[in-house]
Amino acid sequence: MNFKLSQEHIMLQKMYREFAENEVKPLAEEVDEKEEFPVETVKKLAKYGWLGIPIPKAYGGAGGDNIAYAMAVEELSKVCATTGVIVSAHTSLCAAPILEFGTQKQKEKYLPPLAKGEKLGAFGLTEANAGTDASAQQTVAVLDGDEYVLDGSKIFITNAGYADIYIIMAMTDKTQGTRGISAFIVEAGTPGFTIGKKEAKMGIKGSSTCELIFENCRIPKENLLGKEGKGFGIAMKTLDGGRIGIAAQALGIAQGAIDVTVSYVKERKQFGKTLSYFQNTQFQLAEMAAKTEASRLLVYKAADFKDKNIPYSNEAAIAKLFASATAMEVTTKAVQLHGGYGYTREYPVERMMRDAKITEIYEGTSEVQKMVIAANLLK
Amino acid sequence: MKIVVCIKQVPDTTEVRLDPKTGTLIREGVPSIINPDDKSGLEAALQLKDEFGAHVTVLTMGPQQAEAALREALAMGADRAILLTDRAFAGSDTWATSCTLAAAIKNLEYDLIIAGRQAIDGDTAQVGPQIAEHLNLPQVSYVEDLKYDGSSFILKRVFEDGYHLVKVGKPCLITTLKEMNEPRYMSVMGIFDAYREKQIEVWNLKDITVERSYLGLEGSPTKVKKSFTKGAKTAGKVFEVDHKEAAKIIVDKLKEKYII
Amino acid sequence: MNMMDYTGVSVFIEQRDGEVQKVSLELLGEGRRLADKLNTKLIAILLGHNVANIAQELVYYGADEVILAEDAMLDKYVTEPYTKVFTSIITEIKPEIVLMGATAIGRDLAPRVSARVYTGLTADCTTLEIDEETKNLLMTRPAFGGNIMATIICPEHRPQMSTVRPGVMLVGERDTERKGSIIKHQAQLDASDMNVEILEVVKETKKKVKIEDANVLISGGRGLGKKESFEGLELLAKELSGLVAGSRAAVDAGWIDRDFQVGQTGKTVRPGLYIACGISGAIQHVAGMEESEFIVAINKNATAPIFEFADLGIVGDVNKVIPALIEELKSKK
């Protein structure tokens, strides 16, 4: 068991940090305030290979491991959780299922543009009536000759409107329950596929979260991902990987909050001393740091298991459960340690706190994670 | 086109602090970086690689840990990396360093040699021009812009009060300024390639042909007689008052000192 | 090399378009002092094209001898023609010391010459002294980004070469009674020496007064917060007939041009008054201004290192203090 980062990882971390510091951090406040998708940043990320980290070189990716990928999301999220989730959703929820379940033809067609960041990816499972109860899918896909016809809608889809490739779950056989759900690759611009309402959110405001509408949307039958009826399994497996990404995002948010708080408490003086002098400050920060470090180990372990093809669903659930709770706790404490200033937009901690909340909800609520963990224990 | 870029690993001197109690330098925890002027030179070389398919070799003379700088250069896109290291080189001043580097470069093919104008630790700006002299090459220093017209290099050579646009043929040596460009980041695949596909060659004294008496501490014409930190000035008075009061204090003091 | 053959202090006179650079006059001042200590002569070496009229001035500023080398190829600075001629001169006159300004020209020429004649060169010297016993030149310079000072010697090679930053030494007295000789040196150049072709010469269009020449500098750093805050500094500079300068942080942030940067990687200044606004006082900055006669520092952080160097320190919001200071100055006129 080696807890040290490899030379490669150290160098990646250095590069990730430099990039995040110089290119992403300066825009974070504006991205949040204007609720603007950071188009230019995504282009730069693409240029430097951030959008295909765990994709094999044969498909235009960097051929990296999942720890390298998780670290990338972590470092981005430290300074801007919005940018972190853009990369996470694209990589784990769109590129990964194509890599894992796609035919050779599908992989050759879709992975290179995704890996190079020429196209952005997204994933559509959630519907108005299917959140935690994900199997209650109502979007249908009917085979008609050489095409499937999709009808229905999805909500709360990350990267919607900016993505070019969407992995969409739909029912191909209503009589079969979860075994009647199939996965499809749908390209933006397909007639009958439109982007609906954009959500105004509490946090990760620059992330584009919208409704997807399918009305008589015809896609080639070659766009079926995996086999008919296997879609639910594909979705669940995809979310396992996505949870590593979100846990990494939560980890980054927590670490970012600690970093800015440490700077602040060394500067801010009350009662003639810097806040760092007081034991309360020290103890709070100690707790924040300990929990964040624990999150880190859980995230990296889940990523490591995935790399080694060891079943990691349970580890990913634990990582997400713990890291998201930690992010919420750490950012709340960070605001508190900043006092009144922490409540204003002049300091980044209030944004970090607003950003943290979603990590306990999307890609499987914390309750769902507990279901996964309990099921693993009690089987 | 073949380009050799000389780089140096340096401590990030902007991060160095003086220990307030002892007055000595705190060197621990100071990150090592590729010298900024050199990094811009490397970026210029990589741009020539992008445009003309040039082959880029990075060379550094230093201790074993300088390998990290070479690795970074490979991750940015350099094709070949050479670490020139040997105990015999220790204590070299710029003459000895330039002799050593020139000897190594003689083993390579090149149309263009790039060195950063100066290193942020030594701050001499001497090694580049001295290498050019040892290799008998035309030199252009303080280069802020570089273009290649197919056969010659067109360079913007800056001075304090303007610049010259100059043309120089191959082979030549230039020294570059960090103002020249924004060096690219390492890419993710670049980093993996640097560790998985590329090698760092290590050259010792035996791998180069050079006059031994020119090398290291012994061969350096300049010697350090002593080094010291500048003593802290005795502090003046500090006032923590509101801005109106502060303004009065300043003006009164300036009048007292006949400054106004 | 017989060291005893080398006598005399020589100074490279840098001229651009027939104008002597101030640093060369500063070096004549310093060179005079060193020559007197060594009981030897001060030789000015002037290269250029149609620059003979400068020679007499150099005598007035302290030179015992002026060696004048003129050639069309020396009109604009190109490394090889200058190196070749300068080397042939010093090979002939064998000075024990060669001083050059650490300018964009000096820092190109000096290393090339030093390598050609195989001698030691020490860059950016801030202090020069003669060792009592050995008569060697003691060259003190900053190193490690300005964090330490080192005294360098060149004991076994001649000439001892040194470059000196502009603004560090004092220009000598100009004495029109001084007598000296002007000697012509025939430059042996041919076309192949011009191995770099000048396509275009561009002078900086904006006519700026240099911060090194200012007697009052109002300098802004990161603590100002934004570019607009520099407007306040401009107003203050106007009140005090000074110039606005900046720290490296301000330059890197794009708030002020690099030409106005004070510090290790910027300019060395020694004005009568230096007001540091929102500057923390990192060693690298202090290195460029600590010789200022009177330093006022304004910073909101009471522990900022600048206060250790300031003659007068104010802990406060610089963006409030500056306007108040301007008002106070106006009212006291």
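Colleague: Great. Anything to know before we start?

Modeller: This is a predicted model, in which local features need pLDDT of at least 70, side-chain atom pairs count only at pLDDT 80 or more, and totals for chains, interfaces and linings use all residues. Residues are numbered from 1 along each chain as its sequence is written, while chains are lettered from A and ligands numbered from 1 in the order in which they are written.

Colleague: How many helices and strands does chain A have?

Modeller: There are eleven helices and ten strands in chain A. Both are DSSP runs numbered from the N terminus, with at least four residues of H or I for a helix and at least two of E for a strand. The radius of gyration of chain A, taken over C-alpha atoms, is 21 Å, close to the 21 Å from the globule rule for 379 residues, so chain A is as compact as a globular protein of that length. That rule is 2.2 Å times the number of residues to the power 0.38.

Colleague: And what share of chain A is buried?

Modeller: Buried residues are 55% of the 379 in chain A. Buried means that 20 or more other C-beta atoms, placed from the backbone, lie within 10 Å of the residue's own.

Colleague: Changing topic: which chains have the most contacts between them?

Modeller: Of the two pairs of chains that touch, B and C have the most contacts. Two residues are in contact if their C-beta atoms, placed from the backbone, lie within 7 Å. Chains A and C have no contact, and their closest C-alpha atoms are 8 Å apart.

Colleague: What about A and B, how many residues does each give?

Modeller: Chain A gives 14 residues and chain B gives ten. On the chain B side, α5(B) has the largest share, five residues.

Colleague: Now the strands. Which way do β9(B) and β10(B) run?

Modeller: β9(B) and β10(B) run antiparallel, joined by five bridges; strands pair if DSSP finds at least two bridges between them. B:V143 sits opposite B:R157 in β10(B). Their hairpin has three residues between the strands, and B:G150 there takes a positive phi near 105°.

Colleague: Which way does β12 of chain B run beside β9?

Modeller: β12 (residues 172–176) of chain B runs parallel to β9 (residues 139–148) of chain B, with three bridges. There, B:V140 stands opposite B:I174.

Terms used. A residue is buried if 20 or more other C-beta atoms lie within 10 Å of its own, exposed if 12 or fewer, and partly exposed in between; C-beta atoms are placed from the backbone.
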